[in-house]
Amino acid sequence: MNLHEYQAKNLYRKYDIPTTKGKLLTHPSQLDDILRSVGKNKWVIKAQVHAGGRGKAGGVVLVNSKKEANEEVRRLLGSNLVTHQTNAQGQAVNSIYIEEPCEIKDEIYLAFIVDRTSQRIMIITSSEGGMDIEEVAERFPEKILRNPINPIVGIMPAQCRQICEDLGFDKDLSVQMIDLMKNIYKMFVQKDLSLVEINPLVVTKDNKLICLDGKVVVDNSALYRQPKMNEIRDDSQEDERELKAEKLDLNYVSLDGNIACMVNGAGLAMATMDLIKTHGGEPANFLDVGGSVNEKRVIEAFEIILSDTKVNGILVNIFGGIVRCDIIAAGIIGAAEKMNINIPIVVRLEGTNAKEGLELIKNSNVTVYEEADLDKAALKIIELSNKGAK
Ligand code: GDP
Ligand code: MN
């Protein structure tokens, strides 16, 4: 789960992580009050969306008058911001954070991330922070430094000092930086985060460290014990189908292709998507309907799949272990009849009562193609979806 920048900064303040003064605007009528209480005659107007790259896309602007602030707020609020991290549609700007500007001497990159390879929280730093960090990572990878934290002992003074030395910090900055890193680590662990990215972390002209940006991701698997985080989640920034699937307890991830997959088991779902790709197709989603599939669940899954207008073919791949394939087949037939589905469906059933299930489909009135072999099933759905390609 992503936090907005303003939510991240509210969290930083609780952990004594330095930020500038700022206020959230959700309606233009709040502007005058906010401008009066934040700053004097210069402000930074920042669109709140779950995507980076806002600066380059006109989502972060420095304004020099109330008139300019008013114009920028009206331009951004209610619009969709398209950055290199969003899709072509962009993300809805429903709120704007207005901050007091600060005078920047240097822009640093600082991130804490759960690193799967070392199975540790990793501190990533670079002296070349700012809007072009992706380019730095590509062209000068040696300028990106990584320091894993040993979970037994936690963040160590010696490694903090090393990081400060590598960044070329003087004593004054090092003292601030060491405090900052300790506080981020504490927040990271206590709040079950999987990412904190501060880009830029700035050194101001009067030698103070300030977090100008804040990207925070909370580990979804820990949300059950982070109820406060769950409360501040902004559904308007999430994929509509993924949200609906989550409420129904279906594991669903939207993708860009046209062939929808409905599979039981995450491993089988991955293998199914791989196979579609191998044969030249493009999956429209990952969908694991779980072990307890029945007609109701099949209908729910089809509803989510069909609400994606890119989809022009569905591959159902079920391995019947505890579930019986004939019950699944009845569910698919029931769903296809009730929902009047007019795109091709290929069903592959394997395992308990697979034969009976395929027989049911063959003898039904719905146009569902059955195929026992997964390779052939994948080829079939690619062929059929190509024929009817929209
Ligand atoms: P991002 O592009 O989505 O990562 O948004 P950021 O919050 O990082 O803002 C983009 C850029 O705007 C930063 O890299 C800064 O250079 C600039 N910026 C942000 N806040 C301030 C500020 O208070 N003063 C000045 N001068 N520049 C700022
Ligand atoms: Mn940034």
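Student: What should the 14 residues of helix α13 span?
Tutor: At 1.5 Å a residue, helix α13 (residues 374–387) should span 20 Å, and its end C-alpha atoms are 20 Å apart, so the two agree. The expected span is 1.5 Å times one less than the number of residues. Helices here are DSSP runs of H or I with at least four residues, strands are E runs of at least two, and both are numbered from the N terminus.

Student: Where do these numbers come from?
Tutor: This is a predicted model, where local features need pLDDT of at least 70 and side-chain atom pairs count only at pLDDT 80 or more, while totals for chains, interfaces and linings use all residues. Residues are numbered from 1 along each chain as its sequence is written, chains are lettered from A and ligands numbered from 1 in the order written, and side-chain values use heavy atoms, with hydrogens and water left out.

Student: Back to α13, which residues are buried?
Tutor: They are L374, A377, A378, I381, I382, L384 and S385. Buried means under 20% relative accessible area, exposed is over 50%, and partly exposed is in between, using a 1.4 Å probe on protein chains only.

Student: And what covers the buried residues of α13?
Tutor: The cover includes β14 (259–263), α9 (266–278), β16 (313–320), β17 (345–351) and β18 (368–370), going by contacts, meaning heavy atoms within 4.5 Å.

Student: Switching to the metal, what are the protein donors of the manganese ion?
Tutor: N199 (O) and D213 (OD), lying 2.1 to 2.2 Å from the manganese ion (ligand 2). N199 lies in strand β10 (residues 193–204) and D213 in the loop between β11 (209–211) and β12 (215–218), so the pair ties together parts 14 residues apart in sequence. Donors are N, O and S atoms within 2.8 Å of the metal (3.2 Å for Na, K and Ca); water is not among the atoms, so sites may look incomplete.

Student: N199, buried or exposed?
Tutor: N199 is buried, because its relative accessible area is 13%.

Student: OK, what about S174, where does that one lie?
Tutor: S174 lies in helix α6 (residues 171–190). At 13% relative accessibility, S174 counts as buried too. Leaving out residues up to four places away in sequence, S174 touches C164 and F169.

Student: Zooming out, how many helices and strands are in the protein chain?
Tutor: There are 13 helices and 18 strands. Buried residues make up 49% of the 390 residues, and the C-alpha trace spans about 80 × 50 × 40 Å along its principal axes.
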